[in-house]
Amino acid sequence: MKTTFFYAMLILAIAACSSGTNTSQTSNESQNTQPTVEAKVAVIEPPAEINELLNKHTCLTCHAAAERVVGPSYVDVAKRNYTADEIVSLIYNPKPEHWPDYPPMIGLPKVPKEDALKIANWIISLK
Ligand code: HEC
């Protein structure tokens with residue numbers, strides 16, 4: 001009797017998990033307006049050092065290398081042809097008017113200049 005109950009719970013748990021997965025897949029699909037382009041560029045992975053900086057300074061909460069998240073992808077930022085210094089100053093003082101169809105980024109003055117420069121140079125390298 002106990003065993004039957006255990007299996008019943010197990011089946012329920014599996015059913016719950018897989019329905020959860022389905023829901024998130026559906027919502028991903030509806031946001032995904034350019035599946036081919038994203039599939040092609042999604043392989044960009046920042047080098048370990050940069051990834052660590054992006055993670056430490058919370059950039060990854062809102063940015064990915066090649067996909068729009070809350071903020072523009074770094075590949076799209078690279079297309080704007082900023083200099084490294086310009087990117088550093090935009091990290092400290094974002095100009096939301098540069099990205100009218102995005103919410104405004106909050107400036108991150110606590111990021112050390114050295115780290116911001118490394119990130120900026122990596123962004124430029126994505127061109
Ligand atoms: C809370 C979300 C959030 C975080 C955290 C965040 N950004 Fe942003 N970022 C945005 C949004 C939204 C935009 C576009 C709107 C804007 O520029 O204000 C943006 C724009 C940018 C731009 C383009 C600036 C321009 O004017 O073209 C750069 C570069 C950038 N972010 C770098 C970073 C870096 C580096 C970090 C981490 C140190 C970071 N962001 C953290 C949301 C974020």
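**View A. Asn81 sits in the loop between helix H5 (74-78) and helix H6 (84-92).**
Asn81 isn't a glycine, yet its phi is positive, near 55 degrees. Helices here (H or I, at least four residues) and strands (E, at least two) are DSSP runs, numbered from the N terminus. A quick word on the source: this is a predicted model, where local features need pLDDT of at least 70, side-chain atom pairs count only at pLDDT 80 or more, and totals for chains, interfaces and linings use all residues. Residues are numbered from 1 along each chain as its sequence is written, and side-chain values use heavy atoms, with hydrogens and water left out.

**View B. Thr58 shows a positive phi of about 65 degrees, although it is not a glycine.**
Look for Thr58 in the loop between H3 and helix H4 (59-62). The Thr58 residue is partly exposed, with a relative accessible area of 45%. For these labels, buried means under 20% relative accessible area, exposed means over 50%, and partly exposed is in between (1.4 Å probe, protein chains only).

Follow the sequence and the pattern reads α-α-α-α-α-α-α. The chain has 127 residues, and buried ones make up 26% of them. Now take the contacts (heavy atoms within 4.5 Å). Among those between residues at least 6 apart in sequence, 54% join residues at least 24 apart.

**View D. Helix H3 (residues 48-56) crosses helix H7 (residues 113-124) at roughly 120 degrees, with the axes coming within 10 Å.**
That angle makes H3 oblique to H7. The cut-offs are under 35 degrees for roughly parallel, over 145 for roughly antiparallel, 65 to 115 for roughly perpendicular, and oblique for the rest. Axes are lines fitted to C-alpha atoms, for helices over the stretch in contact, and angles run from 0 to 180 degrees between N-to-C directions. H3 passes H7 in a left-handed crossing. Left-handed means that the near helix is turned anticlockwise from the far one by less than a right angle, and right-handed means clockwise. On the H3 side, Glu49, Ile50, Leu53, Leu54 and Lys56 meet Asp115, Lys118, Ile119 and Trp122 of H7. Sort the residues of this H3 and H7 contact and you get 5 nonpolar, no polar and 4 charged. In that count, Ala, Val, Leu, Ile, Met, Phe, Trp, Tyr, Cys and Pro are nonpolar, Asp, Glu, Lys and Arg are charged, and the others, Gly among them, are polar.

**View E. Glu49 and Lys118 pair up through their side chains in a salt bridge (3.1 Å, N to O).**
Glu49 belongs to helix H3 and Lys118 to helix H7, so this pair ties together parts that are 69 residues apart in sequence. A salt bridge is a side-chain nitrogen of Lys or Arg within 4 Å of a carboxyl oxygen of Asp or Glu. Searching the whole structure turns up 5 salt bridges. Glu49 is partly exposed, at a relative accessible area of 45%, and Lys118 is partly exposed too, at 33%.

**View F. Lys118 also forms a salt bridge with Glu114, with the closest N and O atoms 3.8 Å apart.**
Both Lys118 and Glu114 lie in helix H7, 4 residues apart, or about one turn of the helix. Glu114 counts as exposed, at 55% relative accessibility. Through shared partners, salt bridges join Glu49, Glu114 and Lys118 into one network.

**View G. Asp115 and Lys56 meet through their side chains in another salt bridge (3.8 Å, N to O).**
Asp115 sits in helix H7 and Lys56 in helix H3, so the pair ties together parts that are 59 residues apart in sequence. Asp115 is buried, with a relative accessible area of 9%, whereas Lys56 counts as exposed at 56%.

**View H. H6 packs on H7 at an angle of about 120 degrees, and the axes are 8 Å apart.**
That makes H6 oblique to H7. H6 passes H7 in a right-handed crossing. H6 brings Ala84, Asp85, Ile87, Val88, Ile91 and Tyr92 to the contact, and H7 brings Lys113, Ala116, Leu117, Ala120, Asn121, Ile123 and Ile124. By class, the residues of the H6 and H7 contact divide into 10 nonpolar, 1 polar and 2 charged.
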